[in-house]
Amino acid sequence: MSQPEIIAQLKDIIVEGKVLTDAESLSFYGKDWTKVFTPAPLAIVFPRSIPEVQALVRFANKHKVQLVASGGRTGLSGGAVAAAGEVVVAFDYMNSIKDFNPIDRTVVCEPGVITEQLQTFAEEHELFYPVDFASAGSSQIGGNISTNAGGIKVIRYGMTRDWVAGLKVVTGTGELLSLNKDLVKNNTGYDLRQLYIGGEGTLGFVVEATMKLVRPPKDLTVLLLGVPDMSSIMNVLNSFQQKIDLTAFEFFSEKALQKVVAKGDVQRPFETQVDYYALLEFECLNEQLAEQAMEVFELCLEQGWVMDGVMSQSLTQLQNLWRCREDISETIAEWTPYKNDISVIVSKVPAFLAEVERVVSEHYPDFEIIWFGHIGDGNIHLNILKPEQLDQESFIEKCHHVSQWVFEIVEKYQGSVSAEHGVGLLKKDFLQYTRSPVEIEYMKAIKRIFDPNNIMNPGKLVDM
Ligand SMILES: O=C(O)CC[C@@H](O)C(=O)O
Ligand SMILES: [Zn+2]
């Protein structure tokens, strides 16, 4: 079937929604936040109902049309990129909250519901949706599920996976499956829901999700601490965790802070300049907890693990302190950074970091390195900034080369080459540092079952 014929047929299938083929839309919907791939989709379709999605998948199977699911496209691994004539399936019009069940504390969402929309809905009902990250204002629930989004509260609340009570999916053959039926207890064999969470759209589309909510945290307080070196950060984490249940424990380097402050919207938390900063958050429920936090803070000062610090006294101050950390990714985007999103178990972080630091400073002597991340759950974001005079291609080639050294350390420590951003196109070549060859074969076999014609986000995660 010719391309104009495919487009004409798409318009017949997506009756209620719309189909776009203009150059601007193709470019806009064909890329995510990686920005390194050149978008080249055939068309963008906007279904409005599950039957439309099913009809689309059946048509795509018949004519071997490749489909790429598209949410807010805030991904950082190229998982939602359409660079090879695919049809992008955007869920922007399947964006309503369909049901709320206060007894079960669940919300039924269409895939295009924006994360912030769900967070606000939960707040309006005196509840809380805890998966949070800087792109919550544009990312969509369907995308969050397909990438198993993490974010800044994982240490306390886990990843998106922990908040999915049930899923409706359309498989790669157009079958509609209702997975887990929102049950808390359901021991009836393989939990297929879990395959779609983090499946990066390679097994089919998430077309409805029942998300869990929880009681909101009370009296959140942030402590931002200046820390002389990476190993001290872990001592700080251990000292606080012995006494207080934390809702977040993040870190970033002085370089990262400098970039954010230079933008002009955020102020330095305190005058003292140190190499690293730890941001920790907890529910300051009573006087006793506040005193305990101060005691641990003083202990850390005495030990030389902390050089200076500030504790939030108001919601505004808490939000401003958070911006020192949350604004980093967007701020450094203008340097087209090469991103590493790596993790190990928390107890291995100090030794792991020491080795990665050594390799990075040896192999990137001339590049600016920005360290930050969710160190409390073992996840480090290592961003290498592109020098202005270096062209994009040579930069990526050099970074790819150094990545292998980093990933060898990841493998040695049994860590992950993608802690939360997903594999997509960017990390596909490095999957074997975290997954064994047999595991990868099983993954491919699973894909063949759900998507026998390899039409669902082909070329992402694994090559078939
Ligand atoms: O840009 C990055 O490398 C990380 C983005 C995001 O996961 C964050 O933690 O801010
Ligand atoms: Zn992150």
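The crossing of helices α1 and α3 is right-handed (a crossing is right-handed if the near helix is turned clockwise from the far one by less than a right angle, and left-handed if anticlockwise). This is a predicted model, where local features need pLDDT of at least 70, side-chain atom pairs count only at pLDDT 80 or more, and totals for chains, interfaces and linings use all residues. Residues are numbered from 1 along each chain as its sequence is written, while chains are lettered from A and ligands numbered from 1 in the order in which they are written. Helices (H or I, at least four residues) and strands (E, at least two) are DSSP runs, numbered from the N terminus.

**Helix α1 with helix α3**

- Two packed helices are described by the angle between their axes and the distance between the axes.
- Helix α1 covers residues 3–13 and helix α3 covers residues 50–63. They pack at about 155 degrees, with axes 10 Å apart. Axes are lines fitted to C-alpha atoms, for helices over the stretch in contact, and angles run from 0 to 180 degrees between N-to-C directions.
- That angle makes α1 roughly antiparallel to α3 (over 145 degrees; under 35 counts as roughly parallel, 65 to 115 as roughly perpendicular and the rest as oblique).
- From α1, the residues I6, Q9 and I13 meet E52, A55, L56, F59 and H63 of α3. Two residues are in contact if their C-beta atoms, placed from the backbone, lie within 7 Å.
- By class, this contact of α1 with α3 has 5 nonpolar, 2 polar and 1 charged residues. Ala, Val, Leu, Ile, Met, Phe, Trp, Tyr, Cys and Pro count as nonpolar, Asp, Glu, Lys and Arg as charged, and the others, Gly among them, as polar.

**Helix α13 and its two partners**

- Helix α8 (residues 230–243) crosses α13 at roughly 165 degrees, and their axes come within 9 Å. α8 and α13 are therefore roughly antiparallel.
- The crossing of α8 and α13 is right-handed. M230, S231 and M234 of α8 make the contact with V349, P350, L353 and E357 of α13.
- The contact of α8 with α13 holds 5 nonpolar, 1 polar and 1 charged residues.
- Helix α13 (residues 349–363) also packs with helix α14 (residues 392–412), at about 165 degrees and with axes 10 Å apart. α13 and α14 are therefore roughly antiparallel to each other.
- α13 passes α14 in a right-handed crossing. On α13, the contact is made by F352, E355, V356, V359 and H363; on α14, by V402, W405, V406 and I409.
- The contact of α13 with α14 divides into 7 nonpolar, 1 polar and 1 charged residues.

**The sheet of 7 strands**

- This open sheet runs β13-β10-β12-β11-β15-β16-β14, with antiparallel pairing. Two strands pair if DSSP finds at least two bridges between them.
- Strands β13 (308–311) and β14 (338–343) are the edges, and each pairs on one side only.
- On average, neighbouring strands of this sheet are turned by 15 degrees against each other, direction ignored.
- Inside the order, β10 (residues 220–227) and β12 (residues 276–283) run antiparallel and are joined by 8 bridges. T221 stands opposite F282 in β12.
- Helix α14 packs on this sheet, where it touches β14 and β16 (379–385). The direction of α14 makes about 10 degrees with that of β14.

**The sheet of 4 strands**

- This open sheet has the order β1-β2-β4-β3, with mixed pairing.
- β1 (18–20) and β3 (67–70) are at the edges with a single partner strand each, so one side of each is left without a neighbour in the sheet.
- Neighbouring strands of this sheet are turned by 25 degrees against each other on average, direction ignored.
- β1 and β2 (residues 43–46) run antiparallel, joined by 3 bridges. L20 stands opposite I44 in β2.

**The β5–β6 hairpin**

- Strands β5 (residues 97–101) and β6 (residues 106–109) pair in the antiparallel sense over 4 bridges. I97 has C109 in β6 as its bridge partner.
- The two strands form a hairpin with 4 residues between them. In the turn, R105 has a positive phi of about 55 degrees.

**Around ligand 1**

- L76, A134, S329, K339, H381 and N383 surround ligand 1. A residue is near a molecule or strand if its C-beta atom, placed from the backbone, lies within 6 Å of it.
- The shell around ligand 1 divides into 2 nonpolar, 3 polar and 1 charged residues.
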